[in-house]
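Please look over the sequence and the structure shown below.

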Amino acid sequence: MTTTRGCDIVVIAASAGGVEAVRGPGAEDLWGLRPEEATGRPLAGLDIGLPAGTIVPLPEQTLAGKPAKAEAEVDGTNRRGRPVSMLVQCSRLVGDDGTPQGAIAVINDVSQAAIDADQEQ
C-alpha cells in the first residue's frame, strides 16, 4: 500500500493506560495537537477531528491480541475546517515474553488534496 505526505504522518503510541507519545509534524499541522497535550490522556479523549468510534477500537483490539495489525480509512476535518481522509494503521507491540505491551497507530493523510500536493512537489 502506498501512503503519501510523509511530512504529515502522525505516530501515536498507546498502552492500556492511554496515549504514551505522539510524534510527527502532522499531529500539530493537521490537528493542532502538541505531544505534551496528548501524552497520558485516553486516545478517545483527543480532539483530532476524526471519528473516535472508528479509530479507538484499532489499538484496543491490537492490545487485546486480535488482530496483531488493523487498519481503516476514515474521513474527518482538520483544524482548519477542511475535510481530510486519513489512513490509520495500527500494529501491536509485544514484550520479550510475547505479551501485548502497547500499540502504534500511524495516521497518514490520503485525501485527494494531499495526493495532489505530493504530485506538485
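A residue is called buried when its relative accessible area is under 20%, exposed when it is over 50%, and partly exposed in between (1.4 Å probe, protein chains only). Helices (H or I, at least four residues) and strands (E, at least two) are DSSP runs, numbered from the N terminus. By these terms, strand β1 (residues 10-15) is mostly covered, with five of its six residues buried.

This is a predicted model, in which local features need pLDDT of at least 70, side-chain atom pairs count only at pLDDT 80 or more, and totals for chains, interfaces and linings use all residues. Residues are numbered from 1 along each chain as its sequence is written, and side-chain values use heavy atoms, with hydrogens and water left out.

Which strands pair with β1? Two strands pair if DSSP finds at least two bridges between them. Strand β5 (residues 100-109) is antiparallel to β1, with five bridges, and here Ile12 stands opposite Ala105. Strand β2 (residues 18-23) also pairs with β1 in the antiparallel sense, over five bridges. Ala13 faces Ala21 across this pairing, and two residues lie between β1 and β2 in the hairpin that they form. In a regular strand, side chains alternate between the two faces of the sheet.

The protein as a whole has five helices and five strands, in the order β-β-α-α-α-α-β-β-β-α from the N terminus on. Of its 121 residues, 38% count as buried. Contact means heavy atoms within 4.5 Å. Among contacts between residues at least 6 apart in sequence, 43% join residues at least 24 apart.

How confident is the predictor, and where is its confidence lowest among the elements? The score is pLDDT, the predictor's confidence in each residue, from 0 to 100. The protein averages 77, and 85% of the residues score at least 70. Helix α5 (residues 112-120) has the lowest mean among the elements, 64, while strand β4 (residues 83-94) has the highest, 88. Over residues 1-6 the pLDDT stays under 50; the model has 17 contacts beyond four places in sequence for them.

The last stop is Thr62, in helix α4 (residues 57-63). Is Thr62 buried or exposed? Its relative accessible area is 0%, so Thr62 counts as buried.
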